Amino acid sequence: FELGGHSLLATRVIARIRQVLEVDLPLRAFFEHPTLVGLARAVERERSAASGLSIPPLARRQDAGPAPLSYAQQRLWVMDRLVPGSPFYNLTTAVRLSGDLDITVFRRTVNEIVRRHEVLRTAFLESDQGPRQLVLPAAPLGIPLVDLQALGEEERRLEARRLGSEEALAAFDLTAGWLIRCRLLRLRDRDHVILCTMHHIVSDYLSLGVFVEEVGILYAAFFRGEASPLPEPPVQYADFAAWQRQWLIGEVLDSEIAYWTRQLAGAPTRIALRADRSASMEPDFRGATRTFELPAPLVADLRRVSRAEGGTLFMTLLAAYGILLSHLSGQDDLVVGTPIGYRNWPEIESSIGLFANTLALRCGLGGNPTFGELLARVRQTVLGAFAHQHVPFERLVEELRLERSLSDNPLFQVTFNLVETAAAPPPAEAGSRGEASGVALRPFEIDRETAQFDLALVLTGGGGDFTGSLQYKTALFDASTMGWLLEQFRRLLERVAVDPAVNLYELRQMLVQADEERRAATDQALEEASFRKFKERRRRTVPSTLGTSGEV
């Protein structure tokens, strides 16, 4: 972990151990056995003991007909039946392409990706056996080109962002298949933006990364006149869905669900956040996003504290986020959702599809622990959740018999995610792939105007500073409130980074004082605004004979 390891990489190591040594190790093993010798001994112990969770190998289906939906897909299919054509589950990525782009080669590149990943041309149909996914034959995907060169520089940027938002909000028809759209924007001769949107039922956020990665590899190869260097995917998403349905049943599923039933017994199903406005009874997914930065020195201090307390950066950030949520809700028992990649098998590491699962992390903030003690609680919760990550969230909701709602998640309304990336390569290496094709790929920001949760905090970074985004429902919160919230989150992190022995009471008092200061500042601003209005009213109504200023 000191060298940059994190839970996603640890999960991939576990997948390799399972593949080569046929042993299932929990993520906890990487914390309890931090050396190769210790981990090897843990493997030997697992070999000699009967495993409580027998996972069959992931392989191709024998039946080439329509496949069942995965558990995650089934939930999205049901939601689409209830609210047809909703853009709520659209995933859009925007990439800036700098250089001499060959449009013909680019279109061939995207169509090769669609051919490789069958899920992108899959239709979802009803049948006597329930919903089924049917892979459609490969065919050219239309990629329209929108030329924005006639506009001024600022107009081009704004129009590109507007088109990105428009693309993200356009509906899909799940029964028609081809749940991917691409549009190419030409800003200048050597400056383009690709907008790619997929429905969540065929993709997840890691899949968007796979798409961008394959665009870079395939475009460079096709530009040089070479064949695709990418191997064919060993399995397709329909294979994964059928495999999941076959093994995650009976005693295997019961033993996993038993853990979650114990873990979530008596947990609150709602977090009563102090909002600017009351929630409406009607579903309202309008949203906005506030971004912020965590500087590299602060991140380094937080990593140091995490290691000293036997945790990870994810656990430290989650503990601080829990303190903030507890202050906003007045609850010392709350549940936070976190997405997990669930790519625990080498066969699907580089696949496109809905492999993500969601874990419900119960945070207990009772008593007056030090931050280090609270981090130890969070560590146990996180490790337990990762050890029992196989239960699809949809099945957990069914087993717990939670009340469903179109406007709210049934178990949690706030989420947290940490996306740790590799440190950026040096400029020469970073440009080597695009050097042969003359095109460099960079992210391009677009406006996303929806929010699935009341609050969704995401932090992204590598070896240095981190970029954060807080997505929120605009029906509940003002932008100014979210700005204040992020400022308090930063202050909490700065405090625990220098003093992990600080207790929860002191941290809560710090937040209470910030509340009072904000209220006082708000009251003063309102008073000044009221006085300005009074003066303006008097200026308009007092007779001019009293003076040229119109004031009394």
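Author: Helices α4 and α8 are roughly perpendicular to each other (65 to 115 degrees). This is a predicted model, where local features need pLDDT of at least 70 and side-chain atom pairs count only at pLDDT 80 or more, while totals for chains, interfaces and linings use all residues. Residues are numbered from 1 along each chain as its sequence is written, and side-chain values use heavy atoms, with hydrogens and water left out.

Reader: ok, where are those helices, and at what angle do their axes cross?

Author: Helix α4 covers residues 71–82 and α8 covers residues 237–247; their axes come within 9 Å and cross at roughly 100°. Helices here are DSSP runs (H or I, at least four residues), and strands are too (E, at least two). Axes are lines fitted to C-alpha atoms, for helices over the stretch in contact, with angles from 0 to 180 degrees between N-to-C directions.

Reader: which residues meet?

Author: Y71, Q73 and Q74 in α4 meet Y237, A241, Q244 and R245 in α8 (contact is heavy atoms within 4.5 Å).

Reader: and which residues of α4 are buried?

Author: Among them are Y71, L76, W77 and D80; buried means under 20% relative accessible area, with a 1.4 Å probe and protein chains only. Their cover includes β3 (122–125), β4 (132–135), α8 and α13 (393–400).

Reader: new topic. how many disulfides?

Author: Zero in the whole structure, a disulfide being a pair of cysteine sulfur atoms within 2.5 Å.

Key
Parallel < 35°, antiparallel > 145°, perpendicular 65-115°, else oblique. Buried < 20%, exposed > 50% of the residue type's maximum accessible area, 1.4 Å probe, protein only.
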